[in-house]
Each structure stands twice: as C-alpha cells, then as structure tokens.
Amino acid sequence: MDIPGGIRVHRVGLAWRNVPGEISSRPSGTGTWQFNLFHKAMRLRLASGEGQTEAPAGIWFAPQQPQWYCGAAGGFTDDWLTCSGPLRPLLVRHGVPVGVPFAVGNAAAVEGCLHALKHELDERLSFADEAVADLLRGLVRLLGRGLQRDATRDPHRLAVLALREALRERHAEPWTVARMATEAGLGAHRFAVLYRRATGSTPLHDLTWFRMRHAYELLTAGGSVAATAAACGYTDPLYFSRVFRRWTGKQPSSVPSDRTQRPVAGRRPVAPSRPWTP
C-alpha cells in the first residue's frame, strides 16, 4: 500500500474564522499531525524565527511541534485537518515539507478534498474508511502537485488570487464574471483563462462554493433558510434551497443546528472517540 498503516484521521474544520488579534498558540503542539490551509497572509513563529507567508499557503505541523500563528493584518480564515500515525513517509514521498509553510497553487482542489473528507467523517456511510484513506492520499498528492507548479509571481496571477479572496470575503455581493474581470483589471476571456490556470477552478464555481460553505455555517448555528439565503447573496430562498441541495445533497431545513462547536482561542476540538483509520 502507498499509505503507511496506522494513520488515523480525526477531525476536519472548514472556513473557521478567527477574529482580529486572535493568536493560535500551542507551545507543546497538539499531539497529532495538523494541516492548516490559510486563506490570508499569516505570521508564524517557527524554530528558524518569526516570518510571514502569503496566501494561499499550507503547513503540516508535526505532533509535538510548537504552534504560533495569527493573521498578518486582522483576522484570518483557515481550513484544517488533524490525524495521527506514521504520516511523514507519505509526505516525504510526495515532496511535501513538514513544519514550514509552503505555497498552495491549487487551493480550490485542496479545499474540495477537505470538504469531501469532512463529509465522510460526519456521515459515516458504507465504506467510509476506504473513502477517507483515498481522500487523505489524494490530499497529499494535490499538495505535492501544487508545489511542482510554476510559482512565478506575475502580476496577473496575483490579481486573480486576490480576486478569489475577495469572492470568499464578499460572496454575498451580486458578482458576475464581467465584474470579477474588471476588479482584477483583466478582460473577461483573459480573466477566465488565468483564473482556471491559477486555481484549477472557475470563478462561478468558487463563488458558489464560498456561499454554500457560509450557508452551512449559518444553518448549523440556527439561522433560518430565508435569512441564510439573503446573507449568502440569494434573493430567492427557493432558488437558494435548490442550489444548496445540489451542492450538499441536503435540504437547508434538514441541516441540524449546533452540529459543531467553535473552540476557544488557541485550541482545536478534541478528536472524536472513534477516529477513522485508513
């Protein structure tokens, strides 16, 4: 097998918002492997000293590695995964560094993989253990491939990535591709080509993705369908419900509230009692 035996996937968190000034500090690590996907520029303290990384960026923290990070300017949003076991050989094989931040050139695909992992962990459907194993291998493979992409910082690529983050933060606005292209300073066709090249996705796909993620957060927090639709940029709750069902397989009204708990600053939720073992 190309994945070391004994790896356990514990938890996945999506789009966790951290308020301005919030610092994640764990001087003794967490006791598990932790992957973070950062969507804004971050400050990190590592053994080599304190530095800043641009976004999107990822980092794999080893189990006992001290952690200290915060947003470089204001709050930050991240996705994360925790697991335990002999993960290092899998990372080394795919050229993914441990303990230092690295650029994620295919963030859209990585986010999608994390979303699929969370779905498997939450739903525990038939053959979920096999699905989690495949998805974990796929996540590491995506990170390795992203590192092999051309990392040149041309202004057009930076403009596209900045526009993607604008969609994440302002997804309730009435976006069109033409408006996105204008904000990025590009023609519509050129923008669409560069967006797919830089992110591996399309702007409308990502816009809907960000809206659905936020909608799920609001619904689990007890928000009404109508209020959630409005907060996510939909004027018609019925249309929102159709889109939500197409993306999640659930009706908005069927999403249970308070499904996950927001941790206190500097801490992640503890692992569930029955983690999946790929």
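1. Start with Tyr234 and Phe240 in this predicted model: both residues are buried. Their ring centres are 5.6 Å apart and the planes meet at 50°, so this pair is tilted. Tyr234 and Phe240 also belong to one aromatic cluster, together with Tyr216, Tyr239 and Phe244.

2. Now look for other ring pairs; the whole structure has 10 aromatic pairs. One of them is Tyr69 with Phe76, with centres 6.0 Å apart and planes at 70°, so this one is edge-to-face. Buried or exposed, what is Tyr69? Tyr69 is at 0% relative accessibility and buried means under 20%, so Tyr69 counts as buried. Phe76, at 2%, counts as buried too.

3. Arg45 lies over the face of Trp68, 3.8 Å from the ring centre. Over at Trp175, the charged end of Arg179 sits above the ring, at 4.0 Å from its centre.

4. How many disulfides does a search of the whole structure find? The count is zero. Cys83 has 0% relative accessibility, so Cys83 counts as buried, and Cys232 is buried as well, also at 0%.

5. Finally, step back to the whole chain. The protein chain has nine helices and nine strands, and 49% of its 278 residues count as buried. Take the contacts between residues at least 6 apart in sequence: 76% of them join residues at least 24 apart. The accessible surface is about 12,900 Å², with 55% of that belonging to carbon and sulfur atoms.

Key:
Residues numbered from 1 in each chain as written. Predicted model: local features only at pLDDT ≥ 70, side-chain atom pairs only at ≥ 80, totals over all residues. Heavy atoms only, no water. Disulfide = S-S within 2.5 Å. Buried < 20%, exposed > 50% of the residue type's maximum accessible area, 1.4 Å probe, protein only. Helix = DSSP H or I, 4+ residues; strand = E, 2+ residues; numbered from the N terminus. Contact = heavy atoms within 4.5 Å. Areas by Shrake-Rupley, 256 points an atom, 1.4 Å probe, with all protein chains shown as cover. Phe/Tyr/Trp six-rings, centres within 6.5 Å; stacked < 30°, edge-to-face > 60°. Lys NZ or Arg CZ within 6 Å of the ring centre and 35° of its normal.
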